[in-house]
Every structure is written in C-alpha cells, then in structure tokens.
Amino acid sequence: MKRILVRSPKDPFHVISPEQALALYPKGVFGRNVGNMIFTESMHRLITVPGVDVVSDSFLSERLPDSTAHAARINAEFDQFVIPLANAFRESFHRNLGQMTQLIERLDIPVVVAGVGVAGGVGSLDNPFPDNPPEVTATIQRFLRAVLDRSATIGVRGETTRDYLAGLGFGDEHVEVVGCPSLFRRGTELRIEKKVDRLTEDSHFTMNLSPYVPLMDEVSIRHAERYRHMTYIPQGHDSLEMLLWGVDRQPQKRPDLPAHTTHPLYLTNRTRFFVDPATWYDYLAKQEFSFGTRIHGNISAINAGTPAHVLAHDARTLELARYHDIPHTLVPDLPAHPDAADLFQQTDYTAFNAGHPERFAKFARFLEKNGVEHVYEEGKSNPAYDERMSTTPFPPGVETLYSESQESRTALVERVAELYRASGQRTLARRHQPVYPFAPEVVEPAAPPKVAPVPTRLRRVAKRVLRRS
C-alpha cells in the first residue's frame, strides 16, 4: 500500500479533548492558531484515495532540532511527503521553516508543497513584501531549493507570493498560484447562496477577529450589545485557555476586546472554540453569516455553506480573498462603525461561484503534475472518509465557564476533578499553611553531637585497606 506523510497537527480522526489539545504543546496541538486545522484536514480529505494510507506528521517535521533519525524513518516508510502551508515565509516562522528544510534535505522521496504564502505583517496592505533579515531570506531560498529538488513546482496561495518569490529568483517555471487547499475539500460542488435576505437583531451569525487589529475591540463590544444571537469564534490558544480555565489577558488594557472573562460575550456564553474542523463546520452550517478578520475562520463558514465577509487587514489575508473571489473589504476602507448587517448586504458570491470550478481544476492539475492522487480523479472517490468523519465522536465546541448547558457543566466537573486528581491536593497543601489556634508547644530536638572529621590522609589509607580485603 502506498503511504503518504502529511504535515498536519494530528490525524483528522484522532479524538482528543480540548484540555489535551491545549496542553500537549506550549501553543496547543494545533500550533497557536486552530485555523491550521482547516487547511491541513482539507488536504487529508483530498488525497485520501482508496488504497493509500495517509498519515499525519503531528508537526514533528518542524519541531525536531535534529531530524536525522526522523528522516531515515520517513524514507523507509513513506512514498511521498505532502506539506500544506499558510503564511510560512515570515520571520516568526523562521525556526520552524529551518528545521523543516533540514528534514527535507535528508529525504529521498517526493516532497510537494501547496498553499504557502508570504506574510507582510503590519502595514502590508501598502507594502506586501516583508523586510526580512538576510538569514530569514536565506532560509526561505534554501527551503524552496530543497522542495524543488523533489517536486515539479511549488503551489503558492496568490499573486503576491508569486511576485515575492520571483524576486528571490524563483519564477513561473518553479511556482504556480493555486490558492488554499481548504477551499477545495468539496471539489467543484462548493457554491454559496444567502440563506436570508437581510440580518436583523435576532439573526444568528458569527464573528471572528485578530487581536492585533484594534478596530475589532469596538466592533465586538457594539455587536455583543446589538445582536443577542451573535457568537464569537476565537482561534488562538490563549482564548481556549480562557474558556477552559478562566485565565484573563489583562482586561484593563483593552476592556472591549473579548479576551477576558468579564466581556459580555464571555458572561453571556456567546463564545465557542472548536478543536476539530468537523464540529466547527457543523456549528457554522446553522448560522446565517460570518464576518471578521480571520481568513480561515471565514473559509470555515464557506466550507459549511454559509456566506462570509472578510475584513482584510493585511496582505496575506487580502491575497487569498482576491484569488478566491471571497467577498471582502479592506479595513482602512471600512466606515467608522462597521455593522454586520451592512456587510451582509454588500456580500455577493457571484464571482466566487463562477470562478470556483476553474480554480479547483487548476489546483487538481497541480496535484497531478506533482504525482499526488486525489479523490476527484475518476475512480478515486472515497465516500468512506466522510462516513467515518460523521460518526467520529469529536468533543463539542468549548463554551464559557458561565454556560448553563448540561453538556458543558458535565465537562467542567470532569475537568476540575481531573485537575484535582493530578495535583490539586498537593498544590493546595503547599500554598496554604495551616494555622492552629491552640497547639502543643513544639520542643526543638537536641542537636546531634559534633564528630571530628577524619583527616584526608586516614581516609586514603582506609580505602586502600578495603580494596585489598
């Protein structure tokens, strides 16, 4: 049987609790942003054809400082290594990219990269190319050479990344614009239509945001007050920590940001966190709209059949929105007080629906050119994947500690009990010293008699005698 290794946080069918998802690594099993699960699971689904064993690398390909043994095992056990990526060409991903490059250079099997992009950072709407240090640029070039030695081309997420790589010496003969794998998990069937004519104060919809976009503070607090059925879906590991354990993130500095336990969206239990795409999609399928700055948060809604509107705050978000014709508005072009109802009225999926089949066909050609089979090729469909996904008992979305649902209360009781069993009693004993109002007088024990130390010379003599005996 052919075996393919895929860069992803975990096997899509592996069930772990939200507590485990947060605790397994410093930034969560999903790598800081649970949006990583969206494009990696999509790649799993796309290439899990009958007769092929697709295995998750659990992000070990970029977490091991020395990959010598890991590379040897991959060479011995796998036929291909498929790497779906997001905005990997950035300074903050330098270490990960370097360790991944070191691994790839030791591989003898084909390596295929899809969906990779450049991150311009703050102010990148005006200047999309990052001003990376020389060592970061050198690592990016080394990564590209290592991959191209093992594949026909590299698939990038949009025109901005293509232009950036051309400036590094990698032209169209090496690079193809293919978009993000996350929008191709449903093949050409993906089509978005509005479910309602307009949003009202009683509408059910979701908001997502990036904490580093200051505009969203005011947007979140105002929408929390106006729309009683709006739900906030965060994606960062720190938000999951807040939901599970009540950890605040300095609410006094940004009181309107839904990143603390006294925010209205927390107090009224209108925040959800999903550690699996399946439950995320199920929740979003019941909504009427999604909006915000998170590109994969909105792509999740699209995959669930729900219209979404992207607030593009940087070049990496804009690049994907433009390539896929996702309705979007640049953050600088928003009015002073943007409203979801207005954004909904502006949202038009005509171009998205018309262009999606050709975009998918281009992505499929990229996979085929690089020797990767997919489920939309003739005779290679795999309905068993979706059937298994629908019956896998994934944990539900995490609610706030103020949830009144029986499911959430049961989860909270189990969480506290597990914590107490693990270290609760010992921790409390160390932190709280007992005070006795009436106790017997404590008598200090007598000090032991002092014994003169044995001279060093005598110790050496004793050792020689013991050795001879």
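1. Where is the place of H356? H356 sits in helix α14, which spans residues 350–369; helices here are DSSP runs of H or I with at least four residues, strands are runs of E with at least two, and both are numbered from the N terminus.

2. This is a predicted model, in which local features need pLDDT of at least 70 and side-chain atom pairs count only at pLDDT 80 or more, while totals for chains, interfaces and linings use all residues. Residues are numbered from 1 along each chain as its sequence is written, and side-chain values use heavy atoms, with hydrogens and water left out.

3. H356 is buried, its relative accessible area being 0% (buried means under 20%, with a 1.4 Å probe and protein chains only). Leaving aside neighbours within four places in sequence, H356 is in contact (heavy atoms within 4.5 Å) with L183, F184, G187, T188 and L190. The H356 side chain also reaches the backbone oxygen of G187, at 2.8 Å.

4. An open sheet is formed by 5 strands in the order β8-β7-β9-β10-β11, with parallel pairing (two strands pair if DSSP finds at least two bridges between them). Its edge strands, each pairing on one side only, are β8 (230–232) and β11 (328–330), and the twist averages 20° from one strand to the next.

5. Strand β7 (residues 205–208) is joined to β8 by 3 bridges, the two running parallel, and M207 has Y232 in β8 as its bridge partner. Helix α7 (residues 215–226) packs on the sheet, where it touches β7, β8, β9 (290–292) and β10 (308–312), and its direction makes about 155° with that of β7 (axes are lines fitted to C-alpha atoms, for helices over the stretch in contact, and angles run from 0 to 180 degrees between N-to-C directions).

Note on methods:
Buried means under 20% relative accessible area, exposed over 50%, partly exposed in between (1.4 Å probe, protein chains only). A polar contact is a pair of N or O atoms within 3.5 Å; within protein, one must be able to donate a hydrogen and the other to accept it, and residues adjacent in sequence count only if both atoms are side-chain atoms.
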